[in-house]
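This report goes through one protein structure for a reader who has the sequence and the model at hand.

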2 protein chains.
Amino acid sequence: MAAPQRLSDFVDGERLWARHMALATFGARADGGVDRPTLSPQEAQARAQMIAWGRAIGLEPFTDKAANLFLRLEGRDPSLAPVVAGSHIDSQPTGGKFDGVFGVLAALETAAAIVARGEQPLRPFEIVAWTNEEGSRFAPGMTGSDLFTGTKALEAVLPIRDADGISIGEAVASILAADDKVPLRAFGLPIAAYVEPHIEQASVLEEAGIPIGIVSGIQGTRRYRIRVMGEAAHAGTALRKDRRDALMAAVRMIRAIDEAAMEPADTLLTVGMLQVTPNAPSVVPAEVFFSIDLRHPDNAVVDRVDAAIRRIVEEMKGNCSVELKQIQHSPSLNFAPAIRSAIAEAAAARGIPAMDVYSAAGHDARQLHYICPAGMIFVPCRGGVSHNPDEWAEPEHLTAGAQVLADVVWHLANSA
Amino acid sequence: MAAPQRLSDFVDGERLWARHMALATFGARADGGVDRPTLSPQEAQARAQMIAWGRAIGLEPFTDKAANLFLRLEGRDPSLAPVVAGSHIDSQPTGGKFDGVFGVLAALETAAAIVARGEQPLRPFEIVAWTNEEGSRFAPGMTGSDLFTGTKALEAVLPIRDADGISIGEAVASILAADDKVPLRAFGLPIAAYVEPHIEQASVLEEAGIPIGIVSGIQGTRRYRIRVMGEAAHAGTALRKDRRDALMAAVRMIRAIDEAAMEPADTLLTVGMLQVTPNAPSVVPAEVFFSIDLRHPDNAVVDRVDAAIRRIVEEMKGNCSVELKQIQHSPSLNFAPAIRSAIAEAAAARGIPAMDVYSAAGHDARQLHYICPAGMIFVPCRGGVSHNPDEWAEPEHLTAGAQVLADVVWHLANSA
């Protein structure tokens, strides 16, 4: 008698790769990248393609008031909470073919494998594509998972507008209107477990030569906007003692904040945006507005630097005034041990090398983590490059990720 | 027999004030300030107004390939070199009603006084408004006086572009096209003497309670542009050790340069302009471009800080690269004793208190100093504030400055 087949034996790597290339045609850039804004006509085309692929193997599409897209494969007990896997199909304006898309297509490949094997799991299985993960058309991102999990309320999110003045509410309404008979469901459907495959967006796996990353968690992030207000004055006449130089105050702050974030060495502190007003060479700056992006896997480190930032901006402001606004605070999180061990076991069973990694970037799995056991599977991407037309993942790594996902889903969907 | 009247007796302080308010409507800001970029439509309106006021009292307008505006009052001997007085009518983006404008309107008031008295001076008298004194639309400033005096050549200046990509050459051509029959003259017309009235842009006169400053000279200036080049990276994943963060390198440089310019206390060091690329909150800055403006009356101080700046940018660049370009070097200068004594005598004769002051700011008089006897008359401005919508000068101080100018011009224009 032959050894019992694993679900991953039914994963078709060629089909998986072909579907990546097919989705990349929706919003294709001349440079080989992808520009597929959330809730755009290009995303609507990719969405219709997903629905068509799902229906072709008997999956039933659902959506909700955030335009999240679900494709459901029924379980032997439809009353049980489903296992859900997926990611997103929107991209950055200078995006690539794999960020987000891999998670959705690996989940679709898992459903296809189940159908190919012809055996229904105990629980239903759903593929999901969350709305506006990227946050580049409507800021901030994670809109779909925020609304689904109740992290944010519809009335707070729908009025957010893009650069052309179109609101999320209007964009959702137009994409829902284009759907072909896709029923609307409520937010907050109970979920048994959530697994999100994704390219790593870092080079730890590539450098280690390991195809599967078992994501231990997502590092904590705080984001700030700081406004330093001084007074414009003539560069040639105003004496130092009479100046209220907003730039020199900002420079003192940034220098001290950078020093405060030196340890531990993996503390990530970035001042990516800084604007000077009036920004004229012979005028003492009246105002400086700058961003701080702070991340570390250990909440204690993030909190310590946070306290330093708040102290420093006051200590270094001199005779200027300062406003600090924290615009985001996402604590570090550790994914559920049950999901992490399911991934490790599935990889080991297939003989695919795997290692623990953590996610420096945020993902929809962060929101799901707070409502169900959640986890992520990373695969390598070349040079760690993402959010870039040059983003690239090897076909065999995508296949390995989809194989591990398939066996993890099969395990979870057959657990009572 | 009555005492002989002075020309200053014909100065009309109310008219002088009303003309300041009238010019301030061209480029008026909602906050009461003035935004009148050089060679802009707003300056063209102010220029047309100046020409109209001049023609109404028989002055003849002239211009040149720098769009400098001259209004000529003929002398008894038209072959003699004219006495010239004036300043500029362009402003900083956050400018006020008096910087530059006072010098031009005081000169116009002198011409009006001559016409009112009905007696022609021996030499011609010309009012001038120099192009692009401020340097905020096209950097650096002093374009008109630089070209007139031959300090710079047309071919070096005309290609300089503003933030919208418009060149000085294009902007000059469009303002000249809008002129109503204003003849073009060559640069470098011989000048007998140049006097520039201006608000002090410092608070020495105000604190001393003295309405007239006899300007002894202009402090030395060096101006730089510094480009720090690093590499863009993802704020959430790139480790400190792997980053080439152009902003953090620039911040280290600016902090150290500011420290190096602490002594003596009247050293003026300004970083007024700083631009970050790509300037996105979640991207480590790839490039920073900033200005340094350094001034002190003592050339030795300027030279010492100059050496420190050049050393610091290399020491603090870390793993970025840096380009330093000195775009201006103007040594300290002392104005002609003949002009300074003429100002002192005119003030004393009218019983107006006067004192020696030096100019911390550069003025077009710097360029004129190298081709003819030149000097400046300062009047107080409130709190020393300029390049600011709150810039303010008292009407009686403007009147006193115009009275002194009138008698100085009359003296100089009747000297063989």
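This is a predicted model: local features need pLDDT of at least 70, side-chain atom pairs count only at pLDDT 80 or more; totals for chains, interfaces and linings use all residues.

In it, helix 1 of chain B covers residues 13-23 and helix 2 of chain B covers residues 41-56. On the side of helix 1 of chain B, the residues that make the contact are B:Arg19, B:Ala22 and B:Leu23. Helix 2 of chain B brings B:Ala46, B:Gln49, B:Met50 and B:Trp53. Sorted by class, this contact has 5 nonpolar, 1 polar and 1 charged residues.

**Charged pairs**

Side chains of opposite charge can pair when their charged atoms come close. Over all chains, a search of the whole structure finds 49 salt bridges. One joins B:Arg72 and B:Glu126. B:Arg72 lies in strand 2 (residues 69-73) of chain B and B:Glu126 in strand 4 (residues 125-130) of chain B, so this pair ties together parts that are 54 residues apart in sequence. Between chain B and chain A the count is 2 salt bridges. A:Arg240 forms a salt bridge with B:Asp258. The table gives the N to O distance for two pairs.

| Salt bridge | N to O distance |
|---|---|
| B:Arg72 and B:Glu126 | 2.7 Å |
| A:Arg240 and B:Asp258 | 2.9 Å |

**The interface of the two chains**

How many residues does each chain bring to the contact? Chain B gives 51 residues and chain A gives 46 residues. The size of an interface is often given as the accessible area lost when the parts come together. Here the area buried between chain B and chain A is about 4400 Å², and carbon and sulfur atoms give 57% of it. B:Arg240, B:Met248 and B:Pro281 supply 16% of the area that chain B buries against chain A, more than any other three residues.

Across this interface, 16 residue pairs are in polar contact. Several elements of chain B each supply at least two residues of the side that touches chain A, among them helix 8 (246-260), strand 9 (268-270) and strand 12 (287-296). Helix 8 of chain B gives the largest share of that side, 7 residues. By class, the residues on the side of chain B that touches chain A divide into 24 nonpolar, 16 polar and 11 charged.

**Backbone details in chain A**

A:Pro140 is in the loop between strand 4 (125-130) and helix 4 (143-149) of chain A. Another joins A:Thr277 and A:Pro278, where omega is about 0 degrees. A:Pro278 sits in the loop between strand 10 (274-277) and strand 11 (283-284) of chain A.

A:Leu39 is not a glycine, yet its phi is positive, about 60 degrees. A:Leu39 is in the loop between helix 1 (13-23) and helix 2 (41-56) of chain A.

Notes. Residues are numbered from 1 along each chain as its sequence is written. Chains are lettered from A and ligands numbered from 1 in the order in which they are written. Side-chain values use heavy atoms; hydrogens and water are left out. Contact means heavy atoms within 4.5 Å. Buried area is the accessible area (1.4 Å probe) that two parts lose on being put together, summed over both. A salt bridge is a side-chain nitrogen of Lys or Arg within 4 Å of a carboxyl oxygen of Asp or Glu. A polar contact is a pair of N or O atoms within 3.5 Å; within protein, one must be able to donate a hydrogen and the other to accept it, and residues adjacent in sequence count only if both atoms are side-chain atoms. Helices (H or I, at least four residues) and strands (E, at least two) are DSSP runs, numbered from the N terminus. Ala, Val, Leu, Ile, Met, Phe, Trp, Tyr, Cys and Pro count as nonpolar, Asp, Glu, Lys and Arg as charged, and the others, Gly among them, as polar. Axes are lines fitted to C-alpha atoms, for helices over the stretch in contact, and angles run from 0 to 180 degrees between N-to-C directions.
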